[in-house]
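User: I would like a close look at a single part of this model, with the details laid out in one connected answer.

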2 protein chains.
Amino acid sequence: MLPIGLFDSGVGGLTILREIARALPYENLIYFGDTARLPLGDKSPDAIVRFTLENAKFLMRQNIKLLIVACHTACSHAMEILEHLLPIPVLGVMAPGISDLLAATKSKRVALLGTAATIASGVFQTQLQTLQVYPIACPLFVPLTEEGLQNHPVAAYIAKYYLSPLQGAGIDAALLACTHYPLLSAVIQQTVGPEVQLIEPACSTAQEVFHCLNRHNLLNPKNTIPEIRFFVSGDPEKFRRLAKMFFPFPIKKVQLA
Amino acid sequence: MLPIGLFDSGVGGLTILREIARALPYENLIYFGDTARLPLGDKSPDAIVRFTLENAKFLMRQNIKLLIVACHTACSHAMEILEHLLPIPVLGVMAPGISDLLAATKSKRVALLGTAATIASGVFQTQLQTLQVYPIACPLFVPLTEEGLQNHPVAAYIAKYYLSPLQGAGIDAALLACTHYPLLSAVIQQTVGPEVQLIEPACSTAQEVFHCLNRHNLLNPKNTIPEIRFFVSGDPEKFRRLAKMFFPFPIKKVQLA
């Protein structure tokens, strides 16, 4: 019963793991948070590609059957390389989010919220050319969530600072193109107003994982008692403490990778 | 004319480099910012020691005559190891800051502001046992300055959030025990009030560097036309852009390490 592997720079990818654990309750899962080097989203393209390949290699050594890149920064810089290099299926969070966004908007005016590197890559904008896109880099959102401050007034203040250019732009949807941002969705929603639909790729990604495993005949039998394992490159206890705030499944042990 | 080497996780150590360049105008300097892996201050002790040794090794390969650890997080975790391992003199920013703080306080009540890892290490607190110390970890200060937001209202808001426990504590001095924090000194001063003296170790460190080189007979002759070289592990252009905001000497080129 080979596991599915996911990685992200920190706790953000847990928003994806959560939906996969719900949608595919018989699958063994391995999560790797590269917390020693986070945040990824303000790093150079070279560093992002290098770290992404190293993280994928770590999960490959755990003998995974499918790799999920649960980080938009890594997806926007290294999806093609990973698909080319790895002998197993690779799924990202980019395509599911883009589909959901295209389906959601009626005004065809949308916000794209992501890390500095994701926004600068222009990869999302290229795929959203039929829409009027307002791209906004929000570099402090990741450190905010990694410090567990997502419900603190400081989060609302920072959200207001980043998102004020959206006022009066007539957008009706915003893509949370960073897996950390759903942890701030309450404060983002409050800032952009109730008429803007926030799109996060977790549920669609989980569906895509199901279809992919099904297609490759890799789904676990329904009597599997699954295991979720956690690895980090930084402080295991800090990760565990943060993760418990919003990951609703038991976190038995977090190991140093 | 061997150079002096300094490293920090990002632009923070430039506050030290600046004073050394002023106090020792004939010295060649090499600065390394490990921007691909910053911030260091929220990483695990293991990761901090590992990264610090790697950064020191990089500078040793540049054939430096003296190493300055321009980062309190690295100092609080790895000074002894570095002093033990390296064949050249090693200076940190901890001892100078502590001396200045002890000289400055009359009320013997002081604040210690640093990264989560520096505060958690307890190293400063141990050396300040004669004082009543209010230690405060300010994890968002480094990302704030690395995003160039030190003069933005968001910085004032975050400073207020971290420093409000100091109200009414009767402190008369605060040690900025992170080389990034002097970039926020205006906003910190405004928050803690004019009666609190902010202590940063840059000038004292520069003096100590002078004495150390003098003692070891390593000072450059006064006709040397010095060179300052910059290396980063992340995005050279981003570093250059940020550094220009507060480093008053020409930055000709920033190289990828």
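What is the order of the six strands in the open sheet of chain A, and is the pairing parallel or antiparallel?

Analyst: The model is predicted. In chain A, the strand order of the open sheet is β4-β3-β1-β2-β9-β10, and the pairing is parallel. The edges are taken by β4 (90-92) and β10 (254-256) of chain A; each has a single partner strand, so one side of each is left without a neighbour in the sheet. From one strand to the next, the twist averages 25 degrees.

Within the sheet, strand β1 (residues 4-8) of chain A runs parallel to strand β3 (residues 66-69) of chain A, and four bridges join them. A:Leu6 has A:Ile68 in β3(A) as its bridge partner. Helix α2 (residues 45-60) of chain A packs on the sheet and touches β1, β2 (29-33), β3 and β9 (228-232) of chain A. The direction of helix α2 makes about 150 degrees with that of β1(A).

Most residues other than glycine have a negative phi, and most peptide bonds are trans. The loop between β2 and α2 of chain A contains A:Pro39, and the peptide bond from A:Leu38 to A:Pro39 is cis, with omega near -5 degrees. In chain B, the peptide bond from B:Leu38 to B:Pro39 is also cis, with omega near -10 degrees; B:Pro39 lies in the loop between β2 (29-33) and α2 (45-61) of chain B.

The other loop lies between α10 (202-215) and β9 of chain A and holds A:Asn217. A:Asn217 is not a glycine, yet its phi is positive, near 60 degrees. A:Asn217 is exposed, with a relative accessible area of 71%.

Conventions
Residues are numbered from 1 along each chain as its sequence is written. Chains are lettered from A and ligands numbered from 1 in the order in which they are written. This is a predicted model: local features need pLDDT of at least 70, side-chain atom pairs count only at pLDDT 80 or more; totals for chains, interfaces and linings use all residues. Side-chain values use heavy atoms; hydrogens and water are left out. Two strands pair if DSSP finds at least two bridges between them. Helices (H or I, at least four residues) and strands (E, at least two) are DSSP runs, numbered from the N terminus. Axes are lines fitted to C-alpha atoms, for helices over the stretch in contact, and angles run from 0 to 180 degrees between N-to-C directions. Contact means heavy atoms within 4.5 Å. Buried means under 20% relative accessible area, exposed over 50%, partly exposed in between (1.4 Å probe, protein chains only).
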